[in-house]
Amino acid sequence: MDLDSRAREVMQDNDLGNYTVPTKGLYPYQWNWDSAFCALGFNTYSEDRAWLEIETLFASQWQSGFVPHIIFHKQDPNYFPGPDVWQSNTSPECTGITQPPVSASMILALWKSGDKRANKARLQAIFPKLVACHRWFYRTRDPLNKGLVLTVHPWETGRDNSPEWDAAARRIDTSEVGTYQRKDITHVNKDMRPLDEEYDRYITLLKFGRATQWDHDRIAKESPFKVIDVCMTMILSRADHDLMLLAEELGEAAIVEELKTRIALTRNNINYLWDDQLKAFCSKDLISGLPSGHITSASFLAFYADVGSQEQREYLLAHLDRIASKVKYLIPSLDPESDRFDSMRYWRGPVWSVVNYLAALGLKECGQSVWAQRILDDTRALVKESGFYEAFCPLTGAGTGGDHFTWTAAIWLYWLDI
Ligand code: DGY
């Protein structure tokens, strides 16, 4: 079977009608940013199904504008921590944390390539929900008023065990975590997953949020883990830009102005995330005020967000060049020269097709077509060699994490199969 048909098969196997799961077993529910990316894949053969994916996600949006990171449409005993642990008191049940807000950007992609007349009503219906989601971030997750996104849980970032969180997470007191059974390591090799001590922190933070009954204002103020995430910041700012284009389409002049102001706010304050020793953008611990000190694939999303000076972009390109000389496939999720680099362990080394897509898009738009093409070629080669894994070893190309993964299949159909 050719890769195109196999990619569709992966998407269909993980399709539960009005939403998809990232992969059965390991991730058996609807995940926020996974769904948004997977809409791109559906869009190559069914516009209707593509829109439905994101519409289902936003059907679980809270009054406040918050969009959960997992929607537990139906119980699955193979996942921990499930709805009984999160206790959201919503229907369907969901988690009390969010994920990188890529949805507006994905809706723009669907809108641009689709049948405008047929999709207009759908755009009009989802647009206010996207606006509410972005406003939630500025109201609840921008404590510095600088257009820089605060995260209160590593799972929110999508980059669960990135070394960017190591120092900030060490502060979390896990002595009351209690006993629990991890399920992820029954599906995937333990060496590819976060460590037990990291899980203790994830569960401790979950319990902290749950004890507030998911009061997001309180959590943002009192959480023992408060980091300004470079990845979520770049993604939100780009999503503001894409939402602004949608607002223009709909003639929403006041919202266009609101988004322009926000984009400028982030652009003017992005130096907060510039580590001048590292010469790169990275996340910053809000409690200690210290930068993470790690170059990750998210550092290169500065191009996607169109932020940073010419000089800063040159430093980033020099890092990319250096990193490219150390690995076979770009972009590793951590600088391979870091002493914490682990080529097969989740976000401490492997390459993720979705991050590559965003980074390459940004590089291309900023005139760096050669780098964009190199990233595209590497991503394509990884899928051709190893199939639709969750992520890939940047040194050998071997698949890592879950197999039969929806967003990798989606990225193949949308971006690589050309
Ligand atoms: C997990 O369960 O590993 C997820 O990454 C949480 O989002």
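Author: An oxygen atom of the ligand lies 2.8 Å from an N or O atom in the side chain of His69. A polar contact here is a pair of N or O atoms within 3.5 Å; within protein, one must be able to donate a hydrogen and the other to accept it, and residues adjacent in sequence count only if both atoms are side-chain atoms. This is a predicted model, in which local features need pLDDT of at least 70 and side-chain atom pairs count only at pLDDT 80 or more, while totals for chains, interfaces and linings use all residues. Residues are numbered from 1 along each chain as its sequence is written, and side-chain values use heavy atoms, with hydrogens and water left out.

Reader: How far are the side chains of Asp160 and Arg193 from an oxygen atom of the ligand?
Author: For Asp160, a polar side-chain atom is 2.5 Å from a ligand oxygen. For Arg193, an N or O atom of the side chain is 2.8 Å from an oxygen atom of the ligand. The protein covers 97% of the 230 Å² of accessible area that the ligand has on its own (Shrake-Rupley method, 1.4 Å probe; for residues, only the protein chains shown count as cover).

Reader: Which residues surround the ligand?
Author: They are Tyr27, Trp31, His69, Tyr79, Trp155, Asp160, Arg193, Tyr199 and Tyr346, where a residue is near a molecule or strand if one of its heavy atoms lies within 4 Å of it. By class, this shell has 6 nonpolar, 1 polar and 2 charged residues. Ala, Val, Leu, Ile, Met, Phe, Trp, Tyr, Cys and Pro count as nonpolar, Asp, Glu, Lys and Arg as charged, and the others, Gly among them, as polar.

Reader: Where does the ligand sit?
Author: The ligand sits in the largest cavity, meaning that more than half of its atoms lie within 2 Å of the grid points. On a 1 Å grid over the protein atoms alone, a cavity is a set of points where a 1.4 Å probe fits but cannot get out, and a pocket is an open set with protein on both sides within 12 Å along at least five of seven lines; lining residues have an atom within 4 Å of a point. The largest cavity has a volume of about 190 Å³, a volume being the space filled by probe spheres set on points joined across faces, edges and corners. Of its 20 lining residues, Tyr27, Trp31, Gln99, Asp160 and Tyr346 lie nearest the centre.

Reader: And the largest pocket: what lines it?
Author: The largest pocket holds about 320 Å³ of space. Its lining has 18 residues, with Ala109, Lys112, Tyr357, Leu361 and Tyr414 nearest the centre. Two or more lining residues come from each of α2 (32–43), α5 (103–113), α12 (230–249) and α16 (353–365); helices (H or I, at least four residues) and strands (E, at least two) are DSSP runs, numbered from the N terminus. The largest share, 6 residues, comes from α5.

Reader: Changing topic, which residues does a cis peptide bond join?
Author: Ser91 and Pro92 are joined by a cis bond with omega of about -5 degrees, and Pro92 is in the loop between α4 (83–86) and β3 (93–94). The peptide bond from Leu330 to Ile331 is also cis, with omega near -10 degrees.

Reader: What is the phi of Asn89?
Author: Asn89 has a positive phi of about 60 degrees, although it is not a glycine. Asn89 is located in the loop between α4 and β3.
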